[in-house]
Amino acid sequence: MKKKFYIGDIARLGISLVIISVIAFIMIFMRVSIKYYDNTLRASSLFFKATISSKNINEVKITDTWDFGKRTLGTDTFFTRSGKFTNEYGNYQLCASRYSKRFLCVFHSSGLLVLGFDSITEAENIYDKLLSQIEGKT
């Protein structure tokens, strides 16, 4: 005997596919990417992109914690925080994972960029590269 599909079955299947698609989209595209190559720091997430040449970087600090303050423009999702924020340092740009373990504060000619890293090793590697570039300028 053949089973008949009812409108309710098709609707449940359609809703399930939409939910799975949204979860897959979030898992794939809501990642933070922070790279340093060709003397350029590049940070990006789904709705954020920043590129800073090492010659425009004045100072770099690394910290385990960061007070995000208040978001003035940007996104705050299950996986990432990015955009423009304000705290005791004033206005700054943020590109960080929700689960960041180390933060890199990059003071540059246009302001402050704060990057959040899931990997402590990756944060320290980029910090060391930027620091050597800054020390090489003086």
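This is a predicted model: local features need pLDDT of at least 70, side-chain atom pairs count only at pLDDT 80 or more; totals for chains, interfaces and linings use all residues.
Residues are numbered from 1 along each chain as its sequence is written, and side-chain values use heavy atoms, with hydrogens and water left out.

Asn87 is found in strand β6, which covers residues 80-87; strands (E, at least two residues) and helices (H or I, at least four) are DSSP runs numbered from the N terminus. With a relative accessibility of 14%, Asn87 counts as buried, given that buried means under 20% relative accessible area, exposed over 50%, and partly exposed in between, with a 1.4 Å probe and protein chains only. Leaving out residues up to four places away in sequence, Asn87 touches Trp66, Asp67, Phe68, Gly69 and Tyr92, where contact means heavy atoms within 4.5 Å. Lys70 is 17 residues from Asn87 in sequence, and the two C-alpha atoms are 6.5 Å apart in space.

## Overall composition

The protein chain has two helices and nine strands, which follow one another from the N terminus as α-β-β-β-β-β-β-β-β-β-α. Of its 138 residues, 34% count as buried, and among the contacts with a separation of 6 or more, 43% join residues 24 or more positions apart.

## The six-stranded sheet

Six strands form an open sheet in the order β4-β8-β9-β7-β6-β5, with mixed pairing; two strands pair if DSSP finds at least two bridges between them. At the edges stand β4 (57-63) and β5 (70-76), each of which pairs on one side only. Strand β7 (residues 90-97) pairs with strand β9 (residues 111-117) in the parallel sense over three bridges, and Cys95 has Leu115 in β9 as its bridge partner.

Five bridges join the antiparallel strands β1 and β2; Tyr36 has Leu41 in β2 as its bridge partner, and Ile34 stands opposite Ala43 in β2.

β1 and β2 form a hairpin with two residues between them. Asp38, in the loop between β1 and β2, has a positive phi of about 50° although it is not a glycine, and at 63% relative accessibility Asp38 counts as exposed. Asn39 lies in the loop between β1 and β2 as well, with a positive phi near 55° in a residue other than glycine, and at 39% relative accessibility Asn39 counts as partly exposed.

## Nonpolar cores

A nonpolar core is a set of buried Ala, Val, Leu, Ile, Met, Phe, Trp, Tyr and Cys residues joined through side-chain atoms within 4.5 Å. The largest core has 20 residues, of which Leu41, Leu104, Val106, Leu113, Leu115, Ile126 and Leu130 touch the most other members. Two or more residues of this core come from each of β1 (33-37), β2 (40-45), β3 (48-53), β4, β8 (102-108), β9 and α2 (120-137), and the largest share, five residues, comes from α2. Apart from this core lies another, of 11 residues, among them Trp66, Ala96, Leu112 and Val114.

Leu41 shows how these elements come together: leaving aside neighbours within four places in sequence, Leu41 is in contact with Ile34, Lys35, Tyr36, Ala50, Thr51, Ile52, Val106, Leu113, Leu115, Ile126 and Leu130.
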